[in-house]
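I am opening this structure for the first time and keeping notes as I go. The entries follow the order in which I looked things up.

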Amino acid sequence: ASKGGASKGGAKPRPKQKTNLWGEPVQESSTLDKGLQAVGLQEKEPTAYDVVCDSLGCDKIPWKYRLMGWAACLCVAFVLSFVSMFFISAILAGRPEDFVVPYTFAHLIAVSGSMVLSTPKKFCRVAFDRYHWGATTFYLATVFFTLFVTFYEGLPDDGRIAIIVLCFLVQ
């Protein structure tokens with residue numbers, strides 16, 4: 001019997017290679033490269049995403065304008081949410097679009113405010129990283145599905161209302 005739980009052949013298991021979202025292998029930087037990048041002596045290889053965002057100036061938005069943009073989005077989202085509450089009875093009357101459209105756009109504008117506050121580049125990088133992409137995709141799918149069901153006339157009103165309410169509960 002071997003000590004320390006080593007396998008029979010004495011071979012150690014190979015470390016799992018890191019992959020990106022699409023399963024493509026990602027080349028990792030060495031510890032020395034990471035240290036040099038941290039102190040600014042070596043630049044990290046930019047991705048296509050980085051090149052596009054940098055050319056648009058996404059990271060160069062001053063805090064003053066980020067806070068103003070976030071506050072504006074927050075106010076517009078609040079007003080749309082408040083106004084949509086006056087039309088909540090329209091769902092039961094068979095006109096869900098009167099409530100759904102402003103309420104859904106209020107949510108999207110509120111999320112956009114968060115994006116403005118943290119910069120679009122950082123927000124998208126975090127929202128679609130390997131830990132959050134599922135939740136982000138699910139949220140966007142429920143928003144799309146809510147709007148689709150609202151305007152799709154092929155469903156009976158009772159079923160349509162139930163699906164819309166379910167989508168709002170999931171969101």
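**Entry 1: the whole chain**

I counted eight helices and zero strands in the protein chain. The model is a predicted one, and I read every entry below with that in mind. Along the sequence I wrote down the pattern α-α-α-α-α-α-α-α. I then looked up burial and found that buried residues make up 20% of the 171 residues in the protein chain. For contacts between residues at least 6 apart in sequence, I noted that 58% join residues at least 24 apart.

**Entry 2: helix H3**

I took helix H3, residues 63–85, and checked its length. With 23 residues at 1.5 Å a residue, H3 should span 33 Å, and its end C-alpha atoms are 33 Å apart, so the two values agree. Which residues of H3 are buried? I listed Arg-66, Gly-69, Cys-73, Ala-77 and Ser-84. An α-helix has 3.6 residues a turn, so residues three or four places apart point the same way. I looked for what covers the buried residues of H3, and helix H5 (97–118) is included in the cover.

**Entry 3: H3 against H5**

I looked up how H3 and H5 pack and found an angle of about 165 degrees, with their axes 8 Å apart. The cut-off for roughly antiparallel is over 145 degrees, so H3 is roughly antiparallel to H5. The crossing in which H3 passes H5 is left-handed.

I went through the residues that meet. On the H3 side they include Trp-63, Arg-66, Leu-67, Gly-69, Trp-70 and Cys-73. Further along H3 I found Val-76, Ala-77, Leu-80, Ser-81, Ser-84 and Met-85 in this contact. Their partners in H5 include Phe-99, Pro-102, Tyr-103, Phe-105, Ala-106 and Ile-109. Ala-110, Ser-112, Gly-113, Ser-114, Val-116 and Leu-117 of H5 also take part. By class, I have 17 nonpolar, six polar and one charged residues in the contact of H3 with H5.

**Entry 4: from H5 to H6**

I followed the chain from H5 to helix H6, residues 120–127. These two helices pack at an angle of about 115 degrees, and their axes are 6 Å apart. From H5, I noted Val-111, Ser-114, Met-115 and Ser-118 in the contact. They meet Pro-120, Lys-122, Phe-123 and Cys-124 of H6. I sorted the residues of this contact into five nonpolar, two polar and one charged.

In the loop between H5 and H6 I stopped at Thr-119. Most residues other than glycine have a negative phi. Thr-119 is not a glycine, yet I found a positive phi of about 75 degrees for it. Is Thr-119 buried or exposed? Its relative accessible area is 4%, so I put Thr-119 down as buried.

I also looked up Lys-60, which is 59 residues from Thr-119 in sequence but 8.5 Å from it in space, C-alpha to C-alpha. Lys-60 is in the loop between helix H2 (48–56) and H3. I marked Lys-60 as exposed because its relative accessibility is 62%.

**Entry 5: H7 against H8**

I moved on to helix H7 (residues 133–151) and helix H8 (residues 157–170), whose axes come within 9 Å and cross at roughly 155 degrees. That angle makes H7 roughly antiparallel to H8. I recorded the crossing of H7 and H8 as left-handed. H7 brings Phe-138, Thr-142, Phe-145, Thr-146, Val-149 and Thr-150 to the contact. H8 brings Arg-160, Ile-163, Ile-164, Cys-167, Phe-168 and Val-170. These residues divide into eight nonpolar, three polar and one charged.

**Entry 6: two residues of that pair**

I picked Thr-150, which has its place in H7. With a relative accessibility of 0%, Thr-150 counts as buried. Leaving out residues up to four places away in sequence, I found that Thr-150 touches Pro-96, Glu-97, Val-100, Arg-160 and Ile-164.

I then picked Phe-168, which lies in H8. Its relative accessibility is 17%, and the limit for buried is under 20%, so I counted Phe-168 as buried. What does Phe-168 touch, not counting residues up to four places away in sequence? I found Phe-99, Val-100, Tyr-103, Thr-104 and Thr-146. Phe-168 and Thr-104 are 64 residues apart along the chain, and their C-alpha atoms are separated by 8.9 Å.

Terms used: Residues are numbered from 1 along each chain as its sequence is written. This is a predicted model: local features need pLDDT of at least 70, side-chain atom pairs count only at pLDDT 80 or more; totals for chains, interfaces and linings use all residues. Side-chain values use heavy atoms; hydrogens and water are left out. Axes are lines fitted to C-alpha atoms, for helices over the stretch in contact, and angles run from 0 to 180 degrees between N-to-C directions. Helices (H or I, at least four residues) and strands (E, at least two) are DSSP runs, numbered from the N terminus. Angles under 35 degrees count as roughly parallel, over 145 as roughly antiparallel, 65 to 115 as roughly perpendicular and the rest as oblique. A crossing is left-handed if the near helix is turned anticlockwise from the far one by less than a right angle, and right-handed if clockwise. Contact means heavy atoms within 4.5 Å. Ala, Val, Leu, Ile, Met, Phe, Trp, Tyr, Cys and Pro count as nonpolar, Asp, Glu, Lys and Arg as charged, and the others, Gly among them, as polar. The expected span of a helix is 1.5 Å times one less than its number of residues. Buried means under 20% relative accessible area, exposed over 50%, partly exposed in between (1.4 Å probe, protein chains only).
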